[in-house]
Amino acid sequence: MAFNPIYTEKVLNPCYKNWKDLFFSHSVYLHRAHLIMLLKTGIIPHETARKLKYAIDSVAQKKNFPKDIPPGSEDLYFVFEKQMEEVIGQDTAGFLHTARSRNDMDTTIFRMFVRTRLMDFLSCCINLLSVIQDKVYKQGDTPIVLYTHGQPANPSTLGHYLSAFALDLCEDINELFSALRIVDRSSMGACAITTTGFNIDRKMVSDLLGFESPVSNSYQAIVTSHWLTYPADAVRKILNDVTRFSADLSHKASCEVGMLLFPDELVQISSIMPQKRNPVIIEHIRIQAGMAMGIMSMINELFHNAAYQDINEVADAPVKEFENSLELAESVVALMSQTIKNIDISRQRVSEIALSSGTTTTELADELVRLYGISFRQAHSITAGFVRSGYDKDALRNIFQEKTDRSLKLSDKEIDEILSIERFISVRKVSGGPSEEGMELVLKELEKYISAFSFSLDKKEKDILSAQQNLKTEYDII
């Protein structure tokens with residue numbers, strides 16, 4: 001049967017190329033695992049299994065597929081099966097398709113691909129966490145001013161600032177691991193949708209392919225979109241947090257703020273304005289993240305009102321878009337890693353902003369409460385008057401006298417010390433604050449996350465390698 005030429009050009013050929021470029025190696029693993037299961041369950045005899053093994057290996061090793069899909073073929077699977085028939089004959093080659101369908105094959109192969117790429121991305125994200133952790137240990141005590149509503153608010157430290165972002169990423173990465181567990185289940189044995197009358201062993205195939213388990217319900221195994229939509233949503237959430245942090249970095253690097261400094265290797269100049277030093281790496285992070293997020297959102301929207309059946313929304317085209325988005329996401333994470341690794345802080349500018357904008361006056365109000373036993377609301381009012389006076393210390397004493405009918409017995413030097421950035425940071429010893437004591441549990445929590453993530457990813461990688469080795473051992477003895 002010859003397919004419509006436009007349909008072939010716009011649908012079948014792109015699908016065929018996707019399978020050659022993205023899914024072929026995973027499909028070979030699946031063919032071998034299925035063959036082992038058919039033999040070990042007694043569904044096919046040993047001699048037939050040996051012939052099928054020879055044909056699989058012959059076609060896989062040559063990988064001699066036409067550039068474009070051959071006329072009359074629907075996809076790469078039929079091309080592969082046709083080449084097997086040329087090696088061992090049609091009747092014998094057909095035994096490999098016993099107790100399976102393209103439905104359960106395709107979704108299992110897509111899961112294998114998404115699992116691999118999700119693990120690659122997890123590795124990138126864990127590396128970003130390690131970069132942040134290293135920066136915190138090296139420069140974490142460097143003062144910085146944190147903003148609320150676009151206005152200078154409180155002095156803090158670079159470590160306090162960066163670790164907040166890191167812990168957001170940790171929560172995101174937890175969702176990535178949750179998505180990975182949803183992906184990491186085999187659809188094989190579901191066949192079209194209702195399994196088969198043959199006495200197959202679904203768990204055997206699942207184990208040989210390194211999956212955590214088979215999908216228990218055979219209909220869900222075929223129709224669910226969760227193996228694609230959950231990873232897409234988890235990646236989108238990471239990128240959303242990265243873009244928020246990028247926007248904040250851009251604000252802190254602006255000429256008007258000027259706290260963040262970028263090395264020459266991360267800035268571009270103007271072709272006409274000699275003074276320009278544009279930290280455009282931040283813009284490229286946002287651009288690439290925005291494009292990737294758009295694709296991931298599209299993947300989720302694709303299933304709105306889509307029938308809960310075997311449909312082509314759970315096929316190669318969306319997976320290819322997922323891969324395109326993930327390539328952008330990996331680039332975003334790599335760029336962010338380089339940004340954090342190389343940024344520096346202008347201590348002079350931090351000091352200017354902190355003191356000129358009154359960001360330390362909260363500590364003065366706190367100290368008035370501690371020293372004189374007045375209410376914080378009263379202390380806040382006194383300190384606000386001091387700010388309105390242009391930080392006139394005599395005005396502070398007068399306001400204090402008027403409000404409390406007492407004398408403020410603080411020297412100019414003592415007031416300056418209370419208002420210093422160093423004092424503001426060091427007294428905030430409450431857990432989670434910017435002082436060394438406040439950061440202890442934060443850093444322990446971050447370290448615990450990184451260790452747990454690294455362990456989980458390493459274990460999954462080892463489990464897959466072990467499964468592949470077991471598959472090879474079982475396959476070699478056929």
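**Notes on cavities, salt bridges and cysteines**

1. The second largest cavity is lined by His 34, Met 37, Ala 99, Met 188, Gly 189, Ile 200, Asp 201, Arg 202 and Val 205. Two or more of these lining residues come from each of H1 and helix H7 (202-208). Please keep in mind that this is a predicted model, and that the volume of the second largest cavity is a computed value of about 40 Å³. By class, its lining is made up of 5 nonpolar, 2 polar and 2 charged residues.

2. The count comes to 2 cavities of 30 Å³ or more, and the largest cavity has a volume of about 110 Å³. Its lining is formed by Trp 19, Phe 24, Ser 27, His 31, Asp 75, Leu 76, Tyr 77, Phe 80, Arg 102, Met 105, Asp 106 and Ile 109. At least two residues of this lining are supplied by each of helix H1 (5-40), helix H3 (76-88) and helix H5 (102-139). Sorted by class, the lining of the largest cavity has 7 nonpolar, 2 polar and 3 charged residues.

3. Turning to charged pairs, the structure holds 34 salt bridges. One of them joins Glu 363 and Arg 428, with the closest N and O atoms 3.0 Å apart. This pair links distant parts of the chain, 65 residues apart, since Glu 363 lies in helix H13 (residues 361-372) and Arg 428 in the loop between helix H17 (421-426) and helix H18 (440-476). Is Glu 363 buried or exposed? Glu 363 has a relative accessible area of 1%, and therefore counts as buried, the limit for that class being under 20%.

4. A further salt bridge is formed by Glu 417 and Arg 423, whose closest N and O atoms are 2.8 Å apart. The two partners fall into separate accessibility classes: Glu 417 is partly exposed, with a relative accessible area of 40%, whereas Arg 423, at 14% relative accessibility, counts as buried.

5. The side chains of Lys 459 and Asp 463 also meet in a salt bridge, with an N to O distance of 3.0 Å. Both residues belong to helix H18, and because they are 4 residues apart there, about one helical turn separates them. Lys 459 counts as partly exposed at 42% relative accessibility, and Asp 463 is likewise partly exposed, with a relative accessible area of 34%. Elsewhere, salt bridges that share partners join Glu 363, Asp 366, Glu 367, Arg 370, Glu 417, Arg 423 and Arg 428 into one network.

6. How many disulfides does a search of the whole structure find? The search finds 0 disulfides. Cys 125 is accordingly in no disulfide, and the nearest cysteine sulfur, that of Cys 124, is 6.7 Å away, whereas a disulfide would need the two sulfur atoms to be within 2.5 Å. As for accessibility, Cys 125 is buried, with a relative accessible area of 3%, and Cys 191 is buried as well, with a relative accessible area of 7%.

How values were computed: Residues are numbered from 1 along each chain as its sequence is written. This is a predicted model: local features need pLDDT of at least 70, side-chain atom pairs count only at pLDDT 80 or more; totals for chains, interfaces and linings use all residues. Side-chain values use heavy atoms; hydrogens and water are left out. On a 1 Å grid over the protein atoms alone, a cavity is a set of points where a 1.4 Å probe fits but cannot get out, and a pocket is an open set with protein on both sides within 12 Å along at least five of seven lines; lining residues have an atom within 4 Å of a point. Grid points are joined across faces, edges and corners, and a volume is the space filled by probe spheres set on the points. Ala, Val, Leu, Ile, Met, Phe, Trp, Tyr, Cys and Pro count as nonpolar, Asp, Glu, Lys and Arg as charged, and the others, Gly among them, as polar. A salt bridge is a side-chain nitrogen of Lys or Arg within 4 Å of a carboxyl oxygen of Asp or Glu. Buried means under 20% relative accessible area, exposed over 50%, partly exposed in between (1.4 Å probe, protein chains only).
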